[in-house]
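Please view the sequence and the structure first.

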2 protein chains.
Amino acid sequence: MDANARIEAALEAAMGLATGPGSPQGLADAMRYAVFPGGHRIRPRLCLAVASAHGTPNAQLVDTALASLELLHCASLVHDDMPCFDDAPMRRGKPSVHAAFGEPLALMCGDALIVLAFQVLARSAAVAPVRSAQLLAIVSDAVGAPNGIVAGQAWECEPSVPLEDYQRAKTGVLFRAASLAGAAAAGAHNEAWGVLGEVIGSAYQIADDLMDCVGDPELIGKPVGQDDRLDRPSAVRELGIKGASRRLRENIDAAVAAVPDCPGKAGLRRMIGKEAERLLSSALSARRAA
Amino acid sequence: MDANARIEAALEAAMGLATGPGSPQGLADAMRYAVFPGGHRIRPRLCLAVASAHGTPNAQLVDTALASLELLHCASLVHDDMPCFDDAPMRRGKPSVHAAFGEPLALMCGDALIVLAFQVLARSAAVAPVRSAQLLAIVSDAVGAPNGIVAGQAWECEPSVPLEDYQRAKTGVLFRAASLAGAAAAGAHNEAWGVLGEVIGSAYQIADDLMDCVGDPELIGKPVGQDDRLDRPSAVRELGIKGASRRLRENIDAAVAAVPDCPGKAGLRRMIGKEAERLLSSALSARRAA
């Protein structure tokens, strides 16, 4: 099974735990809508790539790790899009969850997706408690306060925010967790994998800032200009388009250099390089369009 | 340390994980505000009473179980009070979280409290992975879909809901989890404890319905008449005040009878009986006032 098919299958299996008979239909529909079809599935792909670079890790643990991270990412999009934050009408090229299902179901959909991530972790903890305990710590700290993505979103309610702290909490920690969880699922829990994830996360955040500034809303499936409109910190607002593009290039080089030793090091470096090409070409075409 | 002091200490310790240096101040303030001072702490008291009825269980596991359940309960109150659901201005005798901190922070506060419950579980999983895995399953399923409290809240978005299903998911499952988790923390995971929790949960739900119908908003610290206003299923709306009071009595008798065998069975029965007195007298004074 290729990576994409495997990720979708793991997410389908997770969704099956929550949306079967007995679930309120509106909630089940909203949860599926928030998760399928997905975006680039960047975090679970990173998690799977890191795990696979360690030979043949425990498949259930890897599926658990990647699904829980993607569910939490999707949950954060649902809540961040809501009227009291970004008030975003579109996401991934279709109406956002609250636009399609109303605010009450969007609120519960986000909550249920957060909890589902931990229901999935509970299933693997029943058969592999020690490694699952590591995953639970990695995943929960990457989402909660003080340093996780929920805290990152809450920084938007503060009068002033240092760009780096904000972006680390908003994006970096989940990339960090994806890389770290992939290694932990393979029995190779090691901080060096967290560093790799952080560097990759920074690159994605800068690319996202560039896209928000000069991207085509049709192509990226969501409104642009949100950072300016909502007065949010952004690499483009801090460094300009040229400076942000330069920093993106530096981050990609740093990511390739940061891959720790492992059996599949060469392949993982190639995969990161390829992904970087895609990011760079998106960002550069955004620059040209500007 | 008495039960109340121990519960507050466990919640303080949990809160310390999330609200220290590096946390956005508004989020940290909102989280503390949502949890302290508490209500009756009924769920953690049940959890602790069941665990203590088994002799001397692992203290960290018990604290983990009771804190995670109370954090999730507090999170559900924050989100249920929000304008898109109950639009409740007051909770526990003070402005609700969104009234005090605004909707964006209330949204993130609920999310962060949900995740904190699992950060707490991760800490005990690192030292007691097998029993913590049981707690993780009990707690996550009691909150998520299809049967947990988030699903219970989402039932309010459906065109029609059977009273029993709604109340089980809205209230019963968390009482079930409190009893079951107390037993699991003591190494005595057994479905009979889940049944006890469910019966106690039903009694509380009926008492709550009675209070909503005929209680004094000053005394109970929140608005009354919400079930009628929001067209929600309620034991009083289904059975009338007299019928609901009768069912409350039956539930209390059933709870005392449902205590499974354990070293502290007699004490646990007494504690449930005493708690029942308090519930009954609240409900009866509500009836008299009607």
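A residue is called buried if 20 or more other C-beta atoms lie within 10 Å of its own, exposed if 12 or fewer do, and partly exposed in between. In this predicted model, A:Arg41 has 20 other C-beta atoms within 10 Å and is therefore buried. A:Arg92, with 17 other C-beta atoms within 10 Å, is partly exposed.

Most residues other than glycine have a negative phi, and most peptide bonds are trans. A:Arg41, in the loop between α2 and α3 of chain A, has a positive phi near 55 degrees, and A:Arg92, in the loop between β1 (90-91) and β2 (94-95) of chain A, has a positive phi near 50 degrees.

| Site | Feature | Value |
|---|---|---|
| A:Arg41 | positive phi | near 55 degrees |
| A:Arg92 | positive phi | near 50 degrees |
| A:Phe36 to A:Pro37 | cis peptide, omega | about -15 degrees |
| B:Ala145 to B:Pro146 | cis peptide, omega | near 5 degrees |

A:Pro37 is found in the loop between α2 and α3 of chain A, while B:Pro146 lies in the loop between α7 (129-143) and α8 (149-154) of chain B.

The contact takes 51 residues from chain A and 51 residues from chain B. On the side of chain A that touches chain B, α2 (25-35), α6 (103-125), α7 (129-143) and α8 each supply at least two residues, and α6(A) gives the most, with 15 residues. The residues of that side divide into 33 nonpolar, 14 polar and four charged. Because 100% of the interface residues of chain A are also interface residues in chain B, the copies meet through the same surface.

Helix α2 of chain B (residues 25-35) is largely enclosed by the rest of the structure, since eight of its 11 residues are buried; among them are B:Leu27, B:Met31 and B:Tyr33. The cover over the buried residues of α2(B) includes α8 of chain A as well as α1 (3-18), α4 (59-80), α5 (97-101) and α6 (103-125) of chain B.

Notes:
Residues numbered from 1 in each chain as written. Chains lettered and ligands numbered in written order. Predicted model: local features only at pLDDT ≥ 70, side-chain atom pairs only at ≥ 80, totals over all residues. Helix = DSSP H or I, 4+ residues; strand = E, 2+ residues; numbered from the N terminus. Contact = placed C-beta atoms within 7 Å. Nonpolar A, V, L, I, M, F, W, Y, C, P; charged D, E, K, R; others polar.
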